[in-house]
Amino acid sequence: MGIGDANIPMKYEDLTLGGHMSTAGGVWNASTRAKEFGFKTFQIFSKNQMQWKARPIPDGEAKKFREEVSGAKQSKLMAHASYLLNLGSAKSELRDKSRDGLFEELRRCDLLAIENLVLHPGSASGTTEKAAIAGIASGISEGLSRTSNASVLIETAAGQGSAVGANFESLAEILDGIGDKGRTGICFDTCHVYASGYDIKDPGHYAETMDRFKSIVGLDRLRAFHLNDTKKGLGSRVDRHEQIGKGMIGIDGILNLLTDERLGGTPFVLETPLGEEGYRMDLEEIKKGLNGDPN
Ligand SMILES: [Zn+2]
Ligand SMILES: [Zn+2]
């Protein structure tokens, strides 16, 4: 059977689904609420994603979080790093701040026993893509060498402005430049990949896209997905998420991934615009799609 063949029977229960969860009221609440959705995994921001400063996580809170997660049998967790980090910046002040920021984010993951830190590669404004990639790889290497557990997952970029990471070649180059290969990987965002010009909607083009990913980056590097539909078209390079089945990729496109048996066990984490208000609708759409119900 080929990939992208939507006829492969795949049970909803076999999928490792999750969503980005709010930490309002205490970081452990993310786990509690994820469990209410039946999620086997989830993602959080471990600090305010729009600020540099981070409130230390008291040991008691971290312990409560770890206990909640283990009680709910959740795994393959992700923390999403701050949007401010730009390890490849040409400005040394921003680069140094970003390196310290990455270290702090990795430290927080280790404290919370979160396996993966998802990182936007950043942008190459004021410099060449090559120089930016070298800075990103060296920054990640340093962060990993200063911590011991969490992996860094580089997120595929939609390609707005001078963003790095909107093609598989640049992602592979970053990975190649990092010393500790065991603690790195890719977080494949379906909205971003589609926006950057890779078709995953048409089954044949989906198969070609994944073959390209396989030969350029390697499927073993594919550690997580951000599962999002998109408001904008193929190659638009615009990052606008949409609820599952309501956008340009559509439920059939999403099912190309969910029924690809090579991706079994990989976490699929929703980052749809309504957040926790919309996840039940997204999950319903996925269930209906897997059952072959007409939409
Ligand atoms: Zn992201
Ligand atoms: Zn996005």
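Setting aside neighbours within four places in sequence, Gly88 is in contact with Gly122, Ala124, Ala132, Ile133, Gly135, Ile136 and Val164 (contact: C-beta atoms, placed from the backbone, within 7 Å). The model is predicted: local features need pLDDT of at least 70 and side-chain atom pairs pLDDT 80 or more, while totals for chains, interfaces and linings use all residues. Residues are numbered from 1 along each chain as its sequence is written, and chains are lettered from A and ligands numbered from 1 in the order in which they are written.

Gly88 sits in the loop between strand E3 (78-80) and helix H3 (92-112); helices (H or I, at least four residues) and strands (E, at least two) are DSSP runs numbered from the N terminus. Gly88 is buried, with 30 other C-beta atoms within 10 Å (buried: 20 or more such atoms within 10 Å of the residue's own; exposed: 12 or fewer; partly exposed: in between). From Gly88 to Leu222 the C-alpha distance is 22 Å, across 134 residues of sequence.

Turning to helix H1 (residues 28-36), its buried residues are Ala30, Ser31 and Ala34. They lie on the same side of H1, because they cover an arc of only 95° around the axis, taken from the directions from the helix axis to the C-beta atoms. These buried residues pack against strand E1 (16-20), strand E2 (41-44) and helix H2 (59-71).

Over the chain, there are nine helices and 10 strands. Buried residues account for 47% of the 295 residues. Of the contacts between residues at least 6 apart in sequence, 76% join residues at least 24 apart.

Key: Two residues are in contact if their C-beta atoms, placed from the backbone, lie within 7 Å.
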